[in-house]
Amino acid sequence: MITIGITGGIGSGKSVVSRILLTLGIPVYDSDSRAKWLNDHSPVVRQALTDLIGSDLYENDILRRDRLAAAIFSSGDLLEQVNGIIHPEVKKDFCQWRSECESDLCAIESAILFSSGFNSLCDTVIRVDAPEKIRQERAMARDGSSAETMRQRMLSQEREQSLAKAGADHTVLNAPPHLLVPQVVRIIETVRTKRPNPPDRL
């Protein structure tokens, strides 16, 4: 099975590309939503985060994300430790999900594909891009955030975006006059064409 990574900055249109792949019959693993699910339901994650931050991190068996964010904000080293707990569990969850897929292709969507190391699980990576102004406007309209809040979020993604720009195999432009669907379809056709043949069976 060939695994496709999908990444891009906030407002770029990663989820739109994922929906196109789903329409093409390619299953997509949403690492962000699965990470949130694991934060709430994985005993391994819960125990490790509680040991790290405190027993009041969970309320009614649900992670208090405001408490986690406040703890990370107050300690520069804590984010790396939290990621060191969550990312390995997401990788395990993805590998289990992938093992159950019956398609010849599957995909994983992640805004932090490279900094998390999830790119190591992929055979090829698609980077979704758009002009910064368009991305900011999309994200503000979607999230209801202020321009300053969105600017800070985009600044926090600069390292990941540099890694993605250098490491991605394909880039699709999700802004006029570029049509997104034909770009994605061409990439999938290329990926399938370059798929190695299975070894001959004796």
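In the predicted model, the C-alpha centres of domain 1 and domain 2 are separated by 24 Å. Domain 1 is made of two stretches of the chain, 1–27 and 101–193, whereas domain 2 covers 30–97. The contact between the domains draws on 14 residues of domain 1 and nine residues of domain 2. Between domain 1 and domain 2 an area of about 920 Å² is buried, and carbon and sulfur atoms account for 71% of that area. On the side of domain 1, the residues that lose the most area to domain 2 are Glu109, Phe118 and Leu121, which together make up 46% of what that side buries. The number of salt bridges counted between domain 1 and domain 2 is zero.

The largest pocket was examined next. Because domain 1 and domain 2 both contribute residues to the lining of the largest pocket, this pocket lies between them. The space within the largest pocket comes to about 1600 Å³, and its lining consists of 41 residues, of which Asp32, Lys36, Ala111, Ile112 and Gln157 lie nearest the centre. Several helices take part in this lining, with at least two residues supplied by each of α1 (14–23), α2 (31–41), α4 (65–74), α5 (78–99), α6 (132–143), α7 (147–156) and α8 (158–167). When the residues lining the largest pocket are divided by class, 14 are nonpolar, 16 are polar and eleven are charged.

The second largest pocket has a volume of about 290 Å³, and of the 16 residues that line this pocket, Glu132, Arg135, Met154, Glu158 and Gln161 are the closest to its centre. The strand β6 (124–129) and the helices α6, α7 and α8 each provide at least two residues of the lining of the second largest pocket, and the greatest contribution comes from α8, with four residues. The lining of the second largest pocket comprises four nonpolar, five polar and seven charged residues.

Two features of the backbone were also noted. Most residues other than glycine have a negative phi, and most peptide bonds are trans. The peptide bond that runs from Pro176 to Pro177, by contrast, is cis, with omega near 5°, and Pro177 is placed in the loop between the strand β7 (170–173) and the helix α9 (180–193). Asn60, a residue other than glycine, has a positive phi, with a value near 55°, and Asn60 is found in the loop that lies between the strands β3 (58–59) and β4 (62–63).

Conventions
Residues are numbered from 1 along each chain as its sequence is written. This is a predicted model: local features need pLDDT of at least 70, side-chain atom pairs count only at pLDDT 80 or more; totals for chains, interfaces and linings use all residues. Side-chain values use heavy atoms; hydrogens and water are left out. On a 1 Å grid over the protein atoms alone, a cavity is a set of points where a 1.4 Å probe fits but cannot get out, and a pocket is an open set with protein on both sides within 12 Å along at least five of seven lines; lining residues have an atom within 4 Å of a point. Grid points are joined across faces, edges and corners, and a volume is the space filled by probe spheres set on the points. Ala, Val, Leu, Ile, Met, Phe, Trp, Tyr, Cys and Pro count as nonpolar, Asp, Glu, Lys and Arg as charged, and the others, Gly among them, as polar. Domain bounds come from an automatic or database domain assignment. Contact means heavy atoms within 4.5 Å. Buried area is the accessible area (1.4 Å probe) that two parts lose on being put together, summed over both. A salt bridge is a side-chain nitrogen of Lys or Arg within 4 Å of a carboxyl oxygen of Asp or Glu.
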